[in-house]
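Keep the 3D view open as you read.

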Protein chains: 2
Amino acid sequence: MKSLTTDIPQYLLIKAELQARIQSGALKTGDKLPSERELCAIFTTTRTTIRESLAQLEASGVIYRSDRRGWFVTPARLWLDPTQNTNFHKLCLEQGREPKTVLLNGRLTTVPLDVMKPLELQPFDQVYLLARLRYADGRAICYCENHCLPARVPELLRHDLNGSLTEVYQTHYGLTYTSMHLTFFPTSVPAHAAAALGIMEGLPALQLSRLNYDQHGRVLDYDIEYWRHDSLRIEVTTH
Amino acid sequence: MKSLTTDIPQYLLIKAELQARIQSGALKTGDKLPSERELCAIFTTTRTTIRESLAQLEASGVIYRSDRRGWFVTPARLWLDPTQNTNFHKLCLEQGREPKTVLLNGRLTTVPLDVMKPLELQPFDQVYLLARLRYADGRAICYCENHCLPARVPELLRHDLNGSLTEVYQTHYGLTYTSMHLTFFPTSVPAHAAAALGIMEGLPALQLSRLNYDQHGRVLDYDIEYWRHDSLRIEVTTH
DNA sequence: CAGTGGTCTAGACCACGGG
DNA sequence: CCGTGGTCTAGACCACTGT
């Protein structure tokens, strides 16, 4: 199997071989790849090498793993313009995807340290903490923690939080998102987010934090989101 | 070594151990970690396991590898607001980093397929293609391909392209970047970019494409950039 | 239950970096 | 030249999936 005429490592050749079968359409979105042991037989090599190829395809977002079920071809990315105030559900529907948001946990708690400063709070102030999971076409793609100010949205937990927060704010409190400060960077999924997303800790992810202001220019809430690295494309137009 | 009371895999324990030494400041920016074989001895395990820990720390951007030299603690990320029209050199200096841009290759060529559409060109039209590498504090962090329209910037290659393109446009052609369409997503470094950046093909990266317009609203050029995934934080403020 | 991926061992040889 | 990481072999056992 080892090439005699080049220095290209075997796992890159196998990677290219697999990628070609995906890009040509021979393997389509959602299709399952052969098992690792079958791939070993096909390419006459060991699992270590096969897994190196698979890991690289995973890093580029072409395939993903489902724990102990196998490797699958990644669906198209959802794209979003963070400077537009459109919500997740609208976004999905516009792109022909089926959205779902599930509230995992909602409670009043002492403000986490990394949230204290952006929200301009004191060490023992309380915030509503909502842990939510977002799906597109049944696939969990974003784990999201909203930190909301009780001063702005008292009794928040009485409302249905499985839908759009934007709408709850608007309907019950007359508050509208008007501006925000957004920061994001590539990193890997921390343990708690990985557990919620049903993926392995340490996979690459895009961490996105958002400090939202209402129509009066007051701080409204602070979100920390972890997006699957393979599920998202960001588009921004400036004028 | 295997824990008797938990199910946490060894490589995650080692990862946490290393991460603690970095976050506590015991290992500082730019410091070299012990060699993989030394780490094997320290943690009484094999290279496979050690390399799994290292790979995860690399994915989260905490450490990076320098080919056959070892593993190092990653410097702070450069941050940038893509909606502001500030150039790379200004950006670096504002953040106390030393910028450098190097022209790797500049030539007139037939428009690449993936660039044809955004630039609104025909299949055999010509563009200037500039391949450039950007450094912060001597570390290559971004590989950049500019595709420029000869109609807008005739004789472009006669000018010094190792600095800011913005300034060349302004000084020699009276053209100013005024708006843009930006799209980016996490993926992995393709071979040609990896070679230029001096890193391994397949490492995670942020691919960023930018379609620029001049002050007359005309398409000016199209950039494709690959940023090291560990070197960049993006910040956007909306109003 | 059989099959899958997740984790791990204990080696090997190579190409390249730096003194 | 030696030490480094890069690649690869040929196994092993486990936890979990789906039937």
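Symmetry of the two chains

Chain A superposes on chain B by a rotation of 180° with 0.0 Å of shift along its axis, at an RMSD of 0.0 Å.

The model is predicted, so local features need pLDDT of at least 70 and side-chain atom pairs count only at pLDDT 80 or more, while totals for chains, interfaces and linings use all residues. Residues are numbered from 1 along each chain as its sequence is written, chains are lettered from A and ligands numbered from 1 in the order in which they are written, and side-chain values use heavy atoms, with hydrogens and water left out.

Now the interface. Contact here means heavy atoms within 4.5 Å. By that rule, 33 residues of chain A touch 33 residues of chain B. Together the chains bury about 2,900 Å², and 54% of it is on carbon and sulfur atoms. Buried area is the accessible area (1.4 Å probe) that two parts lose on being put together, summed over both.

What polar links cross between the chains? There are 16 residue pairs in polar contact, both residues at pLDDT 80 or more. A polar contact is a pair of N or O atoms within 3.5 Å; within protein, one must be able to donate a hydrogen and the other to accept it, and residues adjacent in sequence count only if both atoms are side-chain atoms.

Which elements of chain A build its side of the interface? Helix H1 (10–23), helix H3 (47–60), strand E7 (179–188) and strand E10 (232–238) each supply at least two residues. Helices (H or I, at least four residues) and strands (E, at least two) are DSSP runs, numbered from the N terminus. E7(A) gives the largest share, 10 residues.

Strands also pair across the interface, which takes at least two DSSP bridges between them. E10(A) and E7(B) run antiparallel and are joined by five bridges. In one of them, A:Glu235 partners B:Thr183.

The interface has two salt bridges. The rule asks for a side-chain nitrogen of Lys or Arg within 4 Å of a carboxyl oxygen of Asp or Glu. B:Lys15 forms a salt bridge with A:Glu201, the closest N and O atoms being 4.0 Å apart. Inside chain A, A:Arg21 bridges to A:Glu17 at 3.1 Å. These two are four residues apart in helix H1 of chain A, so about one helical turn separates them.

Finally, look at B:Arg152, in the loop between strand E6 (139–148) and helix H6 (165–173) of chain B. The side chain of B:Arg152 reaches the backbone oxygen of B:Val219 at 3.0 Å.

Technical notes: Least-squares fit on C-alpha atoms with pLDDT ≥ 70 in both.
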